[in-house]
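Hi,

Here is the structure I promised to pass on.

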Amino acid sequence: GQETGYCTLNPLDTNLGTNLQDGNLKAVSASSHVAARGTFALTSGKWYWEGTKTGGGGAVGQFGFANTAASLSESYGSAPANSWTFYFGNGTEIIVPAANSSGYFTGSAMADGETAAVALDMDNGTWQFFKNGVGGVVKTLVDTDSASTFSITELYPYVGAYNSDMELNFGQKPFKFAPPEGYQSINAANLPSPGVVRPDQYVGVTTYAGDGGTQFISPGNFSPDMVWMKGYGEVLQ
């Protein structure tokens, strides 16, 4: 496996504040709904990650994925638009835009040490949640998209930590349960190649000395969309 380059929860896309801990991989419960998105946008590929309940006053946390329009503070009880989550509170419910599926799993609320997981297939537009290694029904993004107001083709890992502590694992350490065949950890090495073989065709540095008059500076192998200039050497008076 890779040592670096894994997804974490995003400290710039959260209202967790100091409740985001342990290298941005732990969401600590709060007295109101607080949430965070992950650092990786998932637009293609097949991805698997886990969330383990580690404490908190109850089991109200949510674990899943969302787009950029999903609220970070809207109550789990209102079936928020733009997010697809497994609800730790009763251990059976999946909350999708404008709808709850209370019978997705059987059983009871998640206890400390128990683990949820999600397998998100961005190539085929399907998702499946897991509870302690047991998968629920595979569903499609399109069929569960009612009340979404934004993209279902760019999605992010998402956590709501109201009244539940949760540790995330995007592959930084061994998964508790084996991912379905073909699904990968969320690591930069597994993302599609951007296809840039020659970076100097897109960005470059040109050093020159001004002549105090009309002067043409060649940027190299491309026509720039943005030019950033910085002086150096002797300061002009």
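Among contacts in the protein chain between residues at least 6 apart in sequence, what percentage join residues at least 24 apart? It comes to 66%, with a contact meaning heavy atoms within 4.5 Å.

Before the rest, some housekeeping: this is a predicted model, where local features need pLDDT of at least 70 and side-chain atom pairs count only at pLDDT 80 or more, while totals for chains, interfaces and linings use all residues. Residues are numbered from 1 along each chain as its sequence is written, and side-chain values use heavy atoms, with hydrogens and water left out.

On the overall fold, the chain has 15 strands and zero helices (DSSP runs numbered from the N terminus: E for strands, at least two residues; H or I for helices, at least four). The C-alpha trace spans about 75 × 35 × 35 Å along its principal axes. Its radius of gyration is 22 Å, whereas a compact globule of 237 residues would have one near 18 Å (taken over C-alpha atoms; the globule rule is 2.2 Å times the number of residues to the power 0.38). Of the 237 residues, 43% count as buried, which means under 20% relative accessible area with a 1.4 Å probe, protein chains only.

Now the aromatics, which I'd look at next. There are 11 aromatic pairs, counting rings of Phe, Tyr and Trp (its six-membered ring) with centres within 6.5 Å; planes under 30 degrees apart are stacked, over 60 edge-to-face, and the rest tilted. Y48 and F175 have ring centres 4.9 Å apart and planes at 85°, so they are edge-to-face. That pair links distant parts of the chain, 127 residues apart: Y48 is in strand 5 (residues 46-55) and F175 in the segment after strand 15. Y48 counts as buried because its relative accessibility is 2%.

F65 and W127 are edge-to-face too, as their centres are 6.5 Å apart and their planes at 65°. Here strand 6 (residues 62-66) holds F65 and strand 11 (residues 126-131) holds W127, 62 residues apart.

S164 counts as buried because its relative accessibility is 0%. Leaving out residues up to four places away in sequence, S164 touches several others, including A27, K53, G58 and F88.

Cheers

Notes:
Buried < 20%, exposed > 50% of the residue type's maximum accessible area, 1.4 Å probe, protein only.
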